[in-house]
Amino acid sequence: MENTASAPVIGLWDTVVFPYSLASVQLSEAKYIAALRHAVSSDRLLAVFYKIPDLRGNEEYSNFLQPGFELRGGQYSVIGTLARVVKEIRLPDDSRQIVLRGLKRIEIVSTFENSNAAFDFARFRDLDNGAGEDKHPVILARQDALRTMFLEFASLHPAIPEELRNTIINSRVPSRTADFIADGMGFSDVEKFFLITMPQLSDRMDFLTVIMNREIEVAKLGMKIHSEVQEAMSDSQREFYLREQLRTIKHELGEMGSGNDIAALNERLENSDVPDYVAETVEKELSRLEVIPQNAPEYHISYNYISWLLDIPWHVETEDNLDIDRAESILEADHFGLEDVKKRILEFLAVMNLNSENGEVRAPILCLVGPPGVGKTSLGRSIADAMGRQFIRMSLGGMRDEAEIRGHRRTYVGAMPGRIVQNLKRAGSINPLFMLDEIDKLAHDFRGDPASALLEVLDPEQNNTFNDNFVELALDLSKVFFIATANVLEDIPSALRDRMEVIQLSGYTAREKREIARRYLVKRQLEANGLTGKGVSFNVAAIDEIIDGYTREAGVRELDRVIARLCRRLAGKYLKGAFDGKKSISVTVKMVKELLGARRFVRDTVADAPLPGCAVGMAWTGVGGVVLPVEAVALPGGKGEIKLTGSLGKVMQESASAAMTIVRANAGKYGVKPEFFTGNDIHIHVPDGATPKDGPSAGITMTLALTSLITSQPLIKKLAMTGEVTLSGRVTAIGGLREKLTGALAVGVENILIPEENRKDLEDIPDYVKSELAIKCVSTVAEALDYGFGKRKFPEKGVTA
């Protein structure tokens, strides 16, 4: 019987290991890794066989193909390589990177699994690897021919390693020479497969001669192309070296021209309605594009530029629907409350309607400022729907690169227009409603200042010739209806603020939130959670409980999330059969507490019997209006110092100092001796010390609290106040009156003191708020003290005096 041997077997498909050569291989299959471990623990030998390639595209090699054998679901060559494991590296994904040294060709006889079936063994016999033909004169002649061809190829390619040249020059064994050339040349995987699997040395050398001749011809052709390009160039054309070379290559290959692309762009230009100056630029770029090789980087830059110029809707407009009645009905249907805001928007639309009769429709530039969740973005969408315009939203939060607005210059790799131009392309019209969201959160760094770039966009006197760095042509943005949104007006750069018409959106009152929940939120969440048609409804008291006990916000985002959470838990109970037999499910206050747990927020209250030194102020926060209790205590044995606690800001600290000065200056009117202030320290505290507090409206509250302290007289019950004071005793105006009065009413306040200068703001207060409060407008501290201590009577509820 013929001598055979065995070794663990692995199959490769993208690497060939030639005898006397090194090859790097990565193994990831468990069986191959097991075979590797066995080999390393014994003689370090592996039997390597190669997957039979797909010959589609290489049909000329099909005559060389021989039958294979089945290995792990694939057909593999019967001839392979016996290789020794030289090096093994374990990779993080538990695969192995190994280096193999080819020893000799082998032919498979059979395969069998090892005892535990962890991997396969191959039983093989040695091939003589051409040893029987090495001394034949014809073979020796072919060796010399191959060596000569390789040296000729190496002379055309200086990158061939000197070590490989010396190895082939010094090789005296034809089979080794053939394998060295096959391994060192950059042949394709298919060609290397046949060079390793051909059993006869003469066949391998014939095949190697054919493909070596091909490589030499390709190299010579490359040199010819290079020579022709060099001859065609003059000193003035030297910068076009690469273009000329590529053109010559394409001429040799018969691939001159990129007519299809240029024809398509010409057709687009003829069918597009672009301004004359844009058409002139496109034609100039098309002429340049015709002489640029298609594989050159400049070709794609120029092609991309032309495409963008043709994509921009220079003259494409949507027809505006400026029907005021229709716009009003859409705004009313989409948004509850916000009456002043809707009124202002309808006024702008009315002006646009009248101007359209003269053919001069210049869109306004608005800025909606208000807390999160009050409907700024959805309001913009409703305006777009009412006008019949495309709606585009661009978030500016955290933007710090000026190129996001103006685009990159075309000299940069991967340059694109700015997001203004990109969004105009997406809208498909030159007059969309463009919402610039979170304009107060712009950033800036070494890459530029986006706020400065927006100055041109939002300036009505400049934006009709907006210049994008990529487009480099004037673009008319005067027909775009820009609406910016912000949470804090003061955070908008002043130059930007000056270019926009600011519309303030205050927070919703509890009654408005109730209506929004009843009309929109509950319905939407019932549908989103699969409860539509299940007879589920929310009673008004349950909605009020959610608003009062589980949310603290100016808008309705958290309210929407809480209702969604309640609906999800209701859906879970429904599926568990908790409501079997019930035709309808009414969500009550009790059910709200069961499903959502204990209240997250406790309602503030005002004392029915206030103590001396205590007063209630009113504040306007990001979540709406709240009451602000102020407490003052005298500390005997002091030195007349003032101690302030409660995380008070600098403005409130100054208000406390002013109030103290007013009280000390007028203490004699109340029979208080000066020794009271020199012998006592005064401690003023505003509860909830973890919350920072600041603002110019606490002066009157601290003045009344200190007066109550030194006279030991309490203020009247259920009294709240707001206003700043001067040292001369005047009470000055404050902001946020609507939110303050609404917050005071919610905690049970009945009597209100406000500055006389704010009387005009009472027109904006909802009637249901004014009807529940007795409001007194005061202009001096003395007048406020008279009403605060009950010397003068407040008007009846619903009456303002």
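1. Let's start with what lines the second largest pocket. By class, its lining has eleven nonpolar, seven polar and twelve charged residues. Here Ala, Val, Leu, Ile, Met, Phe, Trp, Tyr, Cys and Pro count as nonpolar, Asp, Glu, Lys and Arg as charged, and the others, Gly among them, as polar. The lining has 30 residues, and A510, D548, T742, G743 and A746 lie nearest the centre of the pocket. A pocket is an open set of points on a 1 Å grid over the protein atoms alone, where a 1.4 Å probe fits, with protein on both sides within 12 Å along at least five of seven lines; lining residues have an atom within 4 Å of a point.

2. A word on the source: this is a predicted model, in which local features need pLDDT of at least 70 and side-chain atom pairs count only at pLDDT 80 or more, while totals for chains, interfaces and linings use all residues. Residues are numbered from 1 along each chain as its sequence is written, and side-chain values use heavy atoms, with hydrogens and water left out.

3. Back to the pocket, with its space and its suppliers. The second largest pocket holds about 750 Å³ of space, where the volume is the space filled by probe spheres set on grid points, joined across faces, edges and corners. α18 (510-528), α19 (540-550), β19 (624-636) and α25 (737-746) each supply at least two residues of its lining. The most comes from α25, with six residues.

4. Now step back to the whole protein. You can find 27 helices and 26 strands in it. The radius of gyration is 43 Å, well over the 28 Å that the globule rule gives for 801 residues, so the protein is more spread out than a compact globule. That radius is taken over C-alpha atoms, and the globule rule is 2.2 Å times the number of residues to the power 0.38. Along the principal axes, the C-alpha atoms fill a box of roughly 135 × 75 × 70 Å. Of the 801 residues, 47% count as buried; buried means under 20% relative accessible area, exposed over 50%, and partly exposed in between (1.4 Å probe, protein chains only).

5. Is strand β1 (residues 5-12) largely enclosed or open? Six of its eight residues are buried, so β1 is largely enclosed by the rest of the structure. β1 pairs with strand β8 (residues 120-126) in the antiparallel sense over four bridges, and A7 stands opposite A122 in β8. With β3 the pairing of β1 is parallel, again over four bridges, and there I10 stands opposite V48. Two strands pair if DSSP finds at least two bridges between them.

6. A23, V25 and L27 form the covered face of β2, while L22, S24 and Q26 form the uncovered one. β2 runs antiparallel to strand β7 (residues 96-113), joined to it by six bridges. In this pair, L27 stands opposite R96.

7. Two residues have a positive phi without being glycine. For R44, phi is near 65°. R44 sits in the loop between α1 (30-41) and β3 (45-50), and is partly exposed at 28% relative accessible area. For S712, phi is about 60°. The loop between α24 (699-711) and β22 (719-721) is the place of S712, which counts as exposed at 53% relative accessibility.

8. How many disulfides does a search of the whole structure find? The search finds zero, a disulfide being a pair of cysteine sulfur atoms within 2.5 Å. As for individual cysteines, C367 counts as buried at 0% relative accessibility, whereas C614 is partly exposed at 23%.

9. N3, in the segment before β1, is exposed at 70% relative accessibility. N3 and Y61 are 58 residues apart in sequence and 32 Å apart in space, C-alpha to C-alpha. T167 lies in helix α3 (residues 162-170) and is partly exposed at 30%. Between the C-alpha atoms of T167 and F207, 40 residues apart along the chain, the separation is 21 Å.
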